[in-house]
Amino acid sequence: MFSYETLTIERLDAINKELENKDALDILKWAYGQFGESLIYACSFGAEGIVLVDLISKVCPDARIVFLDTHVHFKETYELIKRVKAKYPKLRIELKEPHLSLEQQAEQYGIELWKSNPDLCCKLRKLNPLGEALQGAVAWLSGLRREQSPTRSSTQFVNIDRRFQSIKVCPLIHWTWDDVWTYIKLYRLPYNELHDKGYPSIGCEHCTVPVEEDGDSRAGRWSGIGKTECGLHQ
């Protein structure tokens with residue numbers, strides 16, 4: 001097993017070349033074979049997340065899955081997590097919470113921090129908790145797809161994650177939005193009903209709005225302020 005500290009750019013290139021013709025299930029088999037218990041899936045329970053949860057269940061039925069519970073997600077998201085837990089009872093799904101409650105955050109940084117300083121809000125409620133969740137882990141899984149946005153267009157199957165000093169594995173990089181939904185419908189998977197209401201990407205309730213049909217899948221996140229990423233993938 002290699003790690004963030006031992007993985008060189010040359011070896012990373014060689015690994016991705018070796019994996020370039022593999023499908024998502026093959027990538028997951030490779031990842032769990034490499035990292036085992038040291039691999040965590042950070043899942044947002046969006047459409048891509050549901051696909052990955054189902055694929056992971058076929059490879060590692062008791063895999064550890066972390067959801068960053070900011071306390072401001074849509075009720076539909078929390079309801080979906082309950083349904084997923086019921087469908088995959090062996091999966092270890094953990095809701096990772098920030099240290100500060102919303103009331104404590106308001107006292108320290110002002111009310112509605114997601115409006116006045118969204119980057120800081122994301123740091124407190126998502127980045128810091130994920131950093132804690134990844135402590136002791138060597139690698140983590142993500143549902144990033146190249147098609148999602150220009151900032152994700154060069155994502156590889158295996159990536160060096162400088163922010164979290166970890167290895168990030170992205171099995172779905174070649175999947176299209178149609179591929180994702182074909183899989184969900186084929187296997188009749190549970191999904192967030194907000195997807196049927198114009199939300200291709202679903203985050204915190206205060207920072208997510210529906211988008212027009214055929215719009216950028218990230219356009220509904222932090223709309224109007226020029227922000228499209230919470231920082232987890234930057």
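I will start with strand β5. Both of its faces are covered: Val158 and Ile160 lie on one side, Asn159 and Asp161 lie on the other, and all are buried. Buried here means under 20% relative accessible area. Before I go on, please keep in mind that this is a predicted model.

Stay with β5 for a moment. Which strand does β5 pair with, and in what sense does the pair run? The partner is β6, residues 166-169; the two strands run antiparallel and are joined by four bridges. Within that pair, aspartate 161 stands opposite serine 166 in β6. So that you can find the turn: the hairpin of β5 and β6 has four residues between the strands, and in it glutamine 165 takes a positive phi near 50 degrees.

Now the sheet as a whole. Strands of a sheet pair through backbone hydrogen bonds, and they do so either parallel or antiparallel. In this model six strands form an open sheet, and the pairing is mixed. Read across, the order is β3-β2-β1-β4-β6-β5.

For a parallel pair, look at β1, residues 39-42, and β4, residues 139-141. They pair in the parallel sense over three bridges. Tyrosine 41 is the residue that stands opposite leucine 141 in β4. A helix also packs on this sheet: α4, residues 75-87, touches β2 (64-68) and β3. The direction of α4 makes about 155 degrees with that of β3.

On the α2 side the contact is made by Ala24, Leu25, Leu28, Lys29 and Tyr32, and on the α3 side by Leu52, Leu55, Ile56, Lys58 and Val59. Sorted by class, these contact residues are eight nonpolar, no polar and two charged.

The second pair is α5, residues 102-109, and α7, residues 118-133. They pack at an angle of about 140 degrees, with their axes 12 Å apart. Here too the helices are oblique to each other, and α5 passes α7 in a right-handed crossing. Leu102, Gln105 and Tyr109 of α5 make the contact with Leu120, Cys121, Leu124 and Arg125 of α7. That contact has five nonpolar residues, one polar and one charged.

Asparagine 16 is found in helix α1, residues 9-19. Is asparagine 16 buried or exposed? Its relative accessible area is 9%, and the cut-off for buried is under 20%, so asparagine 16 is buried. Not counting residues up to four places away in sequence, asparagine 16 touches Gln156, Phe157 and Val158. Val158 is one of the β5 residues I began with.

Threonine 208 has its place in the segment after α8 (177-186). Threonine 208 is buried as well, with a relative accessible area of 4%. Where is tyrosine 183 relative to threonine 208? The two are 25 residues apart along the chain, and their C-alpha atoms are separated by 25 Å.

Histidine 71, in the loop between β2 and α4, has a positive phi of about 75 degrees although it is not a glycine. Histidine 71 is partly exposed, with a relative accessible area of 31%. Arginine 188 sits in the segment after α8, and its phi is near 50 degrees, again a positive value in a residue other than glycine. Arginine 188 is exposed, with a relative accessible area of 76%.

Conventions
Residues are numbered from 1 along each chain as its sequence is written. This is a predicted model: local features need pLDDT of at least 70, side-chain atom pairs count only at pLDDT 80 or more; totals for chains, interfaces and linings use all residues. Side-chain values use heavy atoms; hydrogens and water are left out. Contact means heavy atoms within 4.5 Å. Ala, Val, Leu, Ile, Met, Phe, Trp, Tyr, Cys and Pro count as nonpolar, Asp, Glu, Lys and Arg as charged, and the others, Gly among them, as polar. Two strands pair if DSSP finds at least two bridges between them. Axes are lines fitted to C-alpha atoms, for helices over the stretch in contact, and angles run from 0 to 180 degrees between N-to-C directions. Angles under 35 degrees count as roughly parallel, over 145 as roughly antiparallel, 65 to 115 as roughly perpendicular and the rest as oblique. A crossing is left-handed if the near helix is turned anticlockwise from the far one by less than a right angle, and right-handed if clockwise. Buried means under 20% relative accessible area, exposed over 50%, partly exposed in between (1.4 Å probe, protein chains only).
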